[in-house]
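Subject: Structure handover

Hello,

Here is the structure we talked about. Please open it first, then read my notes below.

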Amino acid sequence: MDGLLLDTERISRASMIEVMQAMGHPMTEAIYAGLIGTPADHDRVALAAVFGDGFDYDLMRARQAELNRLRYGLSRPLRPGAQAIVEAVAALGIPRAIATSSRREKTLSHLDHTGLLPFFAEVQTGVGGSG
């Protein structure tokens, strides 16, 4: 979902780097690349390994979420062609599902706001179960 259908990776990378810099941590795109597609527990450990055990992962994520909320609200832009591809696959009657490591509530919100949620019979998420 993230980075394939929705243009979320670009947004997340920019906001995380900005928040980390404000917190005094020299976050780079290379460090961020190691976090793509991984669950929060992995990210927490990976960032503590880079920035030390005193790194406040929860504070960073809260600030990042607030920054993204202020800039984008609950919606995220679709990647070019995503809507057309999903509609074409649906028109062919091919079964469709989403699998993502993102949190369930965020996944459902983003898919709903883009109008893509009704196109998927199943949504499997990294945290919060399926449905």
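A residue is called buried under 20% relative accessible area, exposed over 50%, and partly exposed in between (1.4 Å probe, protein chains only). By that rule Asp58 is partly exposed, because its relative accessible area is 48%.

Some ground rules. This is a predicted model, so local features need pLDDT of at least 70 and side-chain atom pairs count only at pLDDT 80 or more, while totals for chains, interfaces and linings use all residues. Residues are numbered from 1 along each chain as its sequence is written, and side-chain values use heavy atoms, with hydrogens and water left out.

**Salt bridges**

A salt bridge is a side-chain nitrogen of Lys or Arg within 4 Å of a carboxyl oxygen of Asp or Glu. The count comes to 7. In one of them, Asp58 pairs with Arg44, with the closest N and O atoms 2.9 Å apart. This pair links distant parts of the chain: Asp58 sits in helix α4 and Arg44 in helix α3, 14 residues apart. Helices here are DSSP runs (H or I, at least four residues), as strands are (E, at least two), numbered from the N terminus. Arg44 counts as partly exposed, at 36%.

Asp7 and Arg10 also form a salt bridge, at 2.9 Å from N to O. Asp7 is buried, at 14%. Arg10 is partly exposed, at 39%. Salt bridges link Asp7, Arg10 and Arg79 in a network.

**Nonpolar cores**

A nonpolar core is a set of buried Ala, Val, Leu, Ile, Met, Phe, Trp, Tyr and Cys residues joined through side-chain atoms within 4.5 Å. The largest has 13 residues, and Met16, Met20 and Phe51 are among those with the most contacts inside it. Helices α1 (8–22), α3 (40–51) and α4 (57–72) each give two or more residues to this core. The most come from α1, with 4 residues.

Contact means heavy atoms within 4.5 Å. Not counting residues up to four places away in sequence, Met20 touches His25, Met27, Leu47, Phe51, Phe55 and Met60. A second, separate core has 11 residues, including Met1, Leu116, Phe119 and Val123.

**Helix α1**

The expected span of a helix is 1.5 Å times one less than its number of residues. The 15 residues of α1 should therefore span 21 Å, and the end C-alpha atoms are 21 Å apart, which agrees. Just after α1, Gly24 takes a positive phi of about 90°.

What about charge in this helix? Glu9 lies in α1. Glu9 is buried yet has no salt bridge; the nearest side chain of opposite charge, Arg13, is 6.3 Å away. For charge, Lys and Arg count as positive and Asp and Glu as negative, with His and the chain ends not counted.

**An aromatic pair**

Rings of Phe, Tyr and Trp (its six-membered ring) pair if their centres lie within 6.5 Å; planes under 30 degrees apart count as stacked, over 60 as edge-to-face and the rest as tilted. The structure holds 1 such pair. Phe51 and Phe55 form it: tilted, 5.7 Å centre to centre, 35° between the planes. Phe51 is buried, at 18%. Phe55 is buried too, at 9%.

**A loop residue**

Is Leu74 buried or exposed? Leu74 counts as exposed, at 52%. This residue lies in the loop between α4 and α5 (82–91).

Best wishes
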